[in-house]
Amino acid sequence: MGKKIIAFLTLVMVLGLQVTTLDARQIDDISCSEAIVSLLPCVPFLTGLGPPTPSTSCCEGAQNLNQKADTTQVRRDVCECLKGASIKFGVNSDKTKQLPQLCNLSLSFSFDPSIDCNT
């Protein structure tokens with residue numbers, strides 16, 4: 001149990017460091033880093049290292065990000081940002097597909113790391 005906690009904390013620290021190295025371009029009112037930070041509480045769920053359901057803070061971050069991404073262009077930019085982050089963080093694509101339903105998010109698309117963000 002203690003080793004899992006240490007591994008998780010190490011992962012969070014590494015992810016935090018990676019966030020600072022990701023593209024910090026501004027996505028209209030949302031920077032790529034801000035988009036990723038809003039979903040950091042989801043990392044344990046998305047990587048399969050945490051509980052089988054996302055935490056409340058994960059869902060709140062996802063809902064907040066969904067509300068901020070209120071235009072087609074912003075959604076495309078956030079999509080590209082999160083696609084790159086999902087590869088770096090090693091998220092499980094099955095978990096990304098489950099997140100919208102588990103967090104009661106209404107999305108007009110299926111969130112999948114292989115999605116074409118321009119469609």
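Author: Along the sequence, the elements run α-β-β-α-α-α-α-α. Keep in mind that this is a predicted model.

Reader: How many helices and strands in total?

Author: Six helices and two strands.

Reader: And how much of the chain is buried?

Author: Of the 119 residues in the chain, 39% are buried.

Reader: What about the surface, how much of it belongs to carbon and sulfur atoms?

Author: The accessible surface is about 7,000 Å², and 57% of that belongs to carbon and sulfur atoms.

Reader: Now contacts. Of those between residues at least 6 apart in sequence, what share joins residues at least 24 apart?

Author: That share is 66%.

Reader: On to helix α4. What span should its 13 residues give?

Author: Helix α4 covers residues 56-68.

Reader: Which residues of α4 are buried?

Author: C58, C59, G61, A62, L65 and N66. They cover an arc of only 160 degrees around the axis, so they sit on the same side of α4.

Reader: What does that buried side pack against?

Author: The buried residues of α4 pack against β2 (30-31), α2 (32-39), α5 (72-89) and α6 (93-102).

Reader: And which exposed residues are on the face turned away?

Author: T56 and Q67 are the exposed residues there, on the face of α4 turned away from its buried side.

Conventions:
Residues are numbered from 1 along each chain as its sequence is written. This is a predicted model: local features need pLDDT of at least 70, side-chain atom pairs count only at pLDDT 80 or more; totals for chains, interfaces and linings use all residues. Side-chain values use heavy atoms; hydrogens and water are left out. Helices (H or I, at least four residues) and strands (E, at least two) are DSSP runs, numbered from the N terminus. Buried means under 20% relative accessible area, exposed over 50%, partly exposed in between (1.4 Å probe, protein chains only). Contact means heavy atoms within 4.5 Å. Accessible areas come from the Shrake-Rupley method with a 1.4 Å probe; for residues, only the protein chains shown count as cover. The expected span of a helix is 1.5 Å times one less than its number of residues. The arc is that of the directions from the helix axis to the C-beta atoms.
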